[in-house]
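Today I'm looking up a few loops and the strands around them.

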Amino acid sequence: MRKTKVIHVHLIFEKRNCYFSSITAIFRHLTEEQIGMKRTTLSHNTDDTILTSRAIIRKSELLK
């Protein structure tokens, strides 16, 4: 069974959900201000769920 990485970003104030395959992809579409965290900080974070003042970020895998 193959697993595909997915990162769910819920923008709290915009009431919007976005799904990405990598941290790089997140910052192609959203700014650090929208997320409430710098790219380098998010890249080094190993938690599955990250809560900032502006977003909830969940890292998980899709089963294929």
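This is a predicted model: local features need pLDDT of at least 70, side-chain atom pairs count only at pLDDT 80 or more; totals for chains, interfaces and linings use all residues.

I started at the hairpin of strand 1 and strand 2, which has four residues between the strands; there Lys15 takes a positive phi near 50°. Residues are numbered from 1 along each chain as its sequence is written, and side-chain values use heavy atoms, with hydrogens and water left out.

**Entry: Lys15.** I placed Lys15 in the loop between strand 1 (3–11) and strand 2 (16–20). Strands here are DSSP runs of E with at least two residues, helices are runs of H or I with at least four, and both are numbered from the N terminus. The positive phi sits in a residue other than glycine. Is Lys15 buried or exposed? It is exposed, at a relative accessible area of 73%. My cut-offs: buried is under 20%, exposed is over 50%, partly exposed is in between, with a 1.4 Å probe and protein chains only.

**Entry: the sheet.** I then checked which strands pair, meaning that DSSP finds at least two bridges between them. Strand 1 and strand 2 run antiparallel over five bridges, and I found His8 opposite Tyr19 of strand 2. Strand 3 and strand 4 (residues 55–63) are also antiparallel, over three bridges, with Thr49 facing Arg58 of strand 4. What is the strand order in the open sheet? I read 2-1-4-3 for its four strands, with antiparallel pairing. Strand 2 and strand 3 are the edges, each pairing on one side only.

**Entry: Thr52.** Next I went to the loop between strand 3 and strand 4, where Thr52 is found. Thr52 is buried, with a relative accessible area of 11%. Which residues does Thr52 touch, not counting those up to four places away in sequence? I got Ile12, Ile35, Gly36 and Met37, where contact means heavy atoms within 4.5 Å. I also noted a polar atom of the Thr52 side chain 3.1 Å from the backbone nitrogen of Arg54.

**Entry: Asn45.** Last stop was the loop between helix 3 (39–44) and strand 3 (49–51), which holds Asn45. Asn45 has a relative accessible area of 19%, so I log it as buried. Leaving aside neighbours within four places in sequence, Asn45 is in contact with Ile50 and Lys59.

Methods. A polar contact is a pair of N or O atoms within 3.5 Å; within protein, one must be able to donate a hydrogen and the other to accept it, and residues adjacent in sequence count only if both atoms are side-chain atoms.
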